[in-house]
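Reader: Please take me through this structure slowly, and tell me what stands behind each term that you use.
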Amino acid sequence: MTRKDEAGFLAGGPALKDRAASDLTIDQGLPRLLYELAVRLPAQPDIQALCVWLYEPVGKATRLHLLMTDLPVKFGNGLGFPVEDSIAAWVWQKQQPIVINTEAETRFPGFARDLLEAGIKSFCGVPLIIANRRIGVLGLASAKPDAFRQFKLQFMQRSPDTANVADNLSDVESLPGHDCERENEPFYAQEQVRPEDKFEDIIGRSASLRAVFGQIKIVAPTNSTVLILGETGTGKELIARAIHNRSSRRSRAFVRVNCAAIPSGLLESELFGHERGAFTGAIARKIGRFELANGGTLFLDEIGDIPFDLQPKLLRVLQEQEFERLGSTQTTRVDVRIVAATSRDLPRMVAEREFRSDLYYRLNVFPLRLPALRERSEDIALLVRHFVDLNAKRMNKQVEHVPKEAMEVLLTYPWPGNVRELQNFIERAVILSPGKVLRPPLSELKQAVDGLDASSQTTAPKAVSLKDAERDHIVQALADTNWVIGGPKGAAARLGLQRTTLISKMQRLGISRAQA
């Protein structure tokens with residue numbers, strides 16, 4: 001800005017002069033303040049435009065004034081934007097800086113499009129404050145997409161000696177309309193999802209989740225089998241996809257099979273395929289999931305629910321990478337990486353002979369345990385903000401604020417369904433929210449907590465000795481057969497015992513029809 005420009009600016013540009021009396025009471029020191037603000041900013045050679053929006057209560061709009069005039073004509077002095085729909089209003093209401101890339105911006109498409117047509121690739125808006133009172137928004141524009149990446153986004157504050165300027169601006173301290181709701185109700189501090197908070201499609205910044213991210217980075221480049229362990233709803237499929245996307249197989253297929261969702265009689269055909277005529281209804285050859293995933297990754301979800309009689313064949317594929325389709329004698333070789341997941345306790349199932357130990361050891365090459373949501377509560381606020389924005393955009397709504405009371409309930413609820421439960425709850429909350437404030441049905445969570453407390457306090461049934469249990473079982477069988485011991489329909493046959501063995505047990509346990 002030249003001295004001539006400074007003189008003209010300090011004298012008060014036409015736009016400022018014309019509106020000073022009718023729209024906004026501005027002290028004569030404000031132009032000096034704005035000029036000093038412009039020249040005292042850190043040197044930014046990439047900045048092509050510098051402007052300021054001042055809120056005008058009479059017109060209920062933020063009005064633009066240019067300090068550097070390298071913007072298109074449509075952004076001339078005095079241009080006003082409605083309070084309800086502008087980037088300046090967003091910065092004013094939230095009192096937070098914002099940086100947008102005009103080529104990718106979706107929140108303010110019209111504003112970004114106009115800037116892009118003028119060659120502006122990035123824009124930065126910063127709250128403008130004088131003596132602890134907000135008076136407007138400072139805007140910086142650049143032709144470079146990343147011009148503000150290293151720019152320190154700080155509130156531009158005038159020193160206290162200009163408090164007399166702010167004293168005359170008391171009528172710009174609050175916005176009209178629904179913002180009165182904000183003044184009467186405390187809101188939780190906004191949690192913004194930063195780029196470093198996202199790993200593939202997974203969101204979180206807790207230490208436990210970052211440890212999982214570190215393990216993914218280690219194992220993903222290999223071809224080793226990965227076993228993902230965690231409660232239902234913790235995001236096991238997202239982890240499996242992240243492993244695939246970071247592996248050398250990322251350009252090949254990622255095939256998912258839910259072992260619990262497919263009937264046991266059809267699961268073998270689903271995994272390995274079948275030939276025509278292999279069984280009733282097999283009218284054509286079918287390619288199984290292993291063949292579909294050849295060269296890529298096969299995700300076996302809920303591996304703990306796979307039938308016991310199918311486990312040996314699965315073990316062979318994992319070890320030898322070969323199998324036969326149902327109804328075929330020809331061996332098919334594949335190159336498939338296995339990522340399995342389960343919410344069940346596989347070591348306990350092995351101990352109870354519900355899951356083959358050799359298959360478990362073959363799957364447990366690189367176990368990954370996912371923390372439950374209650375174990376990383378510091379991520380809840382971040383996930384709430386993400387799901388609110390996601391659902392609001394999909395439903396064409398503007399839900400910007402979460403009441404502090406609601407967030408406190410969300411942070412303390414145990415979330416037995418983990419992230420899936422939280423996601424569905426927030427979607428329901430966005431549906432029920434008519435305005436810009438999230439109105440979640442907190443009563444549902446409170447009822448659920450009461451139900452969990454009641455179930456945990458329920459008295460456990462009294463332990464019964466093995467002798468008493470055997471006696472009760474025999475008496476029940478005798479009662480069901482009208483005390484007929486022998487014969488094909490007698491109690492002995494029902495219990496799977498010899499007639500003489502049952503009589504011996506009855507004598508030992510003191511069972512007689514008279515005593516029953």
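Reader: How much of the protein is buried, and what makes a residue buried?

Author: In this predicted model, buried residues make up 44% of the 516 residues in the protein. A residue is called buried under 20% relative accessible area, exposed over 50%, and partly exposed in between, with a 1.4 Å probe and protein chains only. Residues are numbered from 1 along each chain as its sequence is written, and side-chain values use heavy atoms, with hydrogens and water left out. Because the model is predicted, local features need pLDDT of at least 70 and side-chain atom pairs count only at pLDDT 80 or more, while totals for chains, interfaces and linings use all residues.

Reader: How confident is the predictor in this protein?

Author: The pLDDT, which is the predictor's confidence in each residue from 0 to 100, averages 78 for the protein, and 72% of the residues score at least 70. Confidence is lowest in helix 1 (residues 3-10), at a mean of 39, and highest in strand 10 (residues 226-229), at 97. Over residues 153-184 the pLDDT stays under 50, although the model has 72 contacts beyond four places in sequence for them, a contact being heavy atoms within 4.5 Å.

Reader: How many helices and strands are there, and what makes a run of residues a helix or a strand?

Author: The protein has 21 helices and 16 strands. These are DSSP runs, numbered from the N terminus: helices are H or I with at least four residues, and strands are E with at least two.

Reader: Why is helix 15 called oblique to helix 16?

Author: The axes of helix 15 (residues 380-394) and helix 16 (residues 404-412) come within 10 Å and cross at roughly 120°; axes are lines fitted to C-alpha atoms, for helices over the stretch in contact, and angles run from 0 to 180 degrees between N-to-C directions. Angles under 35 degrees count as roughly parallel, over 145 as roughly antiparallel, 65 to 115 as roughly perpendicular, and the rest as oblique, so helix 15 is oblique to helix 16. In their contact, I380, A381 and V384 of helix 15 meet M407, L410 and L411 of helix 16.

Reader: Why are helix 19 and helix 21 called oblique?

Author: Helix 19 (residues 466-480) and helix 21 (residues 499-509) pack at an angle of about 125°, with their axes 11 Å apart, and they are therefore oblique to each other. Among the residues that make the contact are K467 and E470 of helix 19, and K505 and R508 of helix 21.

Reader: How do you know that T297 is buried?

Author: T297, which lies in strand 12 (residues 297-301), has a relative accessible area of 1% and is therefore buried. Not counting residues up to four places away in sequence, T297 touches H244, R249, A253, F254, V255, R337 and V339.

Reader: What makes the phi of W415 and of N482 worth a remark?

Author: Most residues other than glycine have a negative phi. The phi of W415, however, is positive, near 50°, and N482 has a positive phi of about 60° although it is not a glycine.

Reader: Is each of these two buried or exposed, and where is each found?

Author: W415 is in the loop between helix 16 and helix 17 (418-432), and at 0% relative accessibility W415 counts as buried. N482 is found in the loop between helix 19 and helix 20 (491-495), and because its relative accessibility is 53%, N482 counts as exposed.
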